[in-house]
Amino acid sequence: MADAVPLLDLKAQFEGIRDEVTRAVLSVLESQRFIFGPEVEALEKEVAAYCGVPRAVGVSSGTDALLVTLMALGVGPGDEVATSPFTFFATAGSIHRLGARPVFVDIRPDTFNLDPEKLEASLTEKTRAVIAVHLFGQCAEIDRIREIADPRGIPVVEDAAQALGASWKGRKAGALGRAGCFSFFPSKNLGGLGDGGMVVSTDPDLAERVRLLRHHGQVDAYRHAYVGGNFRLDAIQAAALRVKLARLDAWSAARAEHAAWYTREIRREGLEEFLTPPAVLPGAGHVFNQFTLRAKRRDALKEHLKARGIGHAVYYPLPLHLQPCFGYLGYKEGDFPVSEKAAAEVISLPVYPELTPSQMERVLEALKDFYKAS
Ligand SMILES: Cc1ncc(COP(=O)(O)O)c(C=O)c1O
């Protein structure tokens, strides 16, 4: 379809960085150092400096970042970890995999992030951590969450998989809790050539445990202080990610400009009756990994966009408390009404940095045609 607008266009991104990425990957091939080594170490230093934290540890994915962080915090059977049910599966999956129990807390309707007002009631003497998810690229209200968690000695982990570069009251995602977990999945604002992730921490002891755990808890050659796993970040990924990290802020700024344009145009066209653009809280530096709105007649809109070749996606259609695999937790429909309503109403539209004005006009036209003609 000639006029199609994809949800994400990584080929357009690659056009601008082809030579640099190719050179970086080739240099790893020449060195034949694929595990650990200078590229991984350099990326760790650069991400730590970028986030304003002392330590960063490269890992194999955002999922493993969460898993290894919870392992390093000692989360295990009998423990509870409080988090949002409106997030990617990995947030709660990593809690379950350690034998702990995900305890869900409903979200705010405007930001889709965990509602701090509802957190306290879900904490018990078994709560071992809180995972605050910075969904779609906007930080959860971490200071209010910490006001509740800190006095109880409960560490707050940031699931910042979608939020590298986001900020809250001037501080970067990852520097706001005990540890921050990032994903370099290709569709993230900083995406690799495959899977990858990073744990950053303000706590050097925790970062050191994560570093050991990502390599089977090995302290010296074939001496293991802990039972960890193989959660390493590949050198090829690190080399490519370093090229992209230098552009991250410019890309995030372009995403935010596109989001602001859509929001303005939706208002100007009188579409607010049908579409609710995302709220950005005062103090939040939103990096728009996704531009996610609430839409009236969402499912019919999806069909319309599909017919027009306009990329879109629903993140996420089924909240985690209603996932078949979490049936044993005993939650039922109606337990987290704000999340359930969001799952029924949200739609994400193209917001990637390389979008052109005419592509954005086409997205807007499609929205106008749908709501104004019907
Ligand atoms: C909120 C959230 N948490 C965790 C993850 C897991 O990251 P990965 O896909 O790199 O394992 C993702 C991304 O996929 C995510 O969006």
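Predicted model: local features only at pLDDT ≥ 70, side-chain atom pairs only at ≥ 80, totals over all residues.
Residues are numbered from 1 along each chain as its sequence is written, and side-chain values use heavy atoms, with hydrogens and water left out.

View 1. The ligand is surrounded by 15 residues, the closest being Gly62, Thr63, Asp159, Ser183 and Lys188; a residue is near a molecule or strand if one of its heavy atoms lies within 4 Å of it. Let us look at the side chains that reach ligand oxygen. An N or O atom in the side chain of Thr63 is 2.5 Å from an oxygen atom of the ligand. For Ser183, the distance from a side-chain N or O atom to an oxygen atom of the ligand is 2.6 Å. Of the 380 Å² of accessible area that the ligand has on its own, the protein covers 93%. Accessible areas come from the Shrake-Rupley method with a 1.4 Å probe, and for residues only the protein chains shown count as cover.

**View 2. Strand 9 and its two partners.** Strand 9 spans residues 197-201; helices (H or I, at least four residues) and strands (E, at least two) are DSSP runs, numbered from the N terminus. Why is strand 9 largely enclosed by the rest of the structure? Because five of its five residues are buried, where buried means under 20% relative accessible area, exposed over 50%, and partly exposed in between (1.4 Å probe, protein chains only). Gly197, Val199 and Ser201 point one way from the strand, Met198 and Val200 point the other way, and all are buried. Strand 1 (residues 55-59) pairs with strand 9 in the antiparallel sense over five bridges, and two strands count as paired if DSSP finds at least two bridges between them. Strand 8 (residues 179-183) also pairs with strand 9 in the antiparallel sense over five bridges. Gly197 in strand 9 stands opposite Val59 and is the bridge partner of Ser183.

View 3. Three strands in the order 12-14-15 make an open sheet with antiparallel pairing. Its edge strands, strand 12 (275-276) and strand 15 (346-349), each pair on one side only. Strand 14 is joined to strand 15 by four bridges, and Thr292 has Ser348 of strand 15 as its bridge partner. In the loop between strand 13 (284-285) and strand 14 (291-295) you will find Asn289, which is buried at a relative accessible area of 4%. Asn289 and Ala163 are 126 residues apart in sequence, yet 7.0 Å apart in space, C-alpha to C-alpha.

**View 4. Salt bridges between separate parts of the chain.** The structure holds 28 salt bridges, each a side-chain nitrogen of Lys or Arg within 4 Å of a carboxyl oxygen of Asp or Glu. One of them joins the side chains of Asp79 and Arg128 (3.5 Å, N to O). This pair links distant parts of the chain, 49 residues apart: Asp79 is in the loop between helix 3 (62-72) and strand 2 (80-83), and Arg128 is in strand 4 (residues 127-133). Asp79 is buried at 13% relative accessibility, whereas Arg128 is partly exposed at 35%. Glu269 and Lys368 also meet in a salt bridge through their side chains (3.4 Å, N to O). Glu269 lies in the loop between helix 8 (248-268) and strand 12 and Lys368 in helix 11 (residues 357-373), so the pair ties together parts that are 99 residues apart in sequence. Both Glu269 and Lys368 are buried.

**View 5. The pair Asp335 and Lys332.** Asp335 forms a salt bridge with Lys332, with 3.0 Å between the closest N and O atoms. Asp335 is partly exposed, at a relative accessible area of 26%, and Lys332 is exposed, at 54%.

**View 6. Arg298 in helix 9.** Arg298 is found in helix 9 (residues 298-308) and is buried, with a relative accessible area of 8%. Its side chain makes a polar contact with the side chain of Asp299 (2.7 Å). A polar contact is a pair of N or O atoms within 3.5 Å; within protein, one must be able to donate a hydrogen and the other to accept it, and residues adjacent in sequence count only if both atoms are side-chain atoms.
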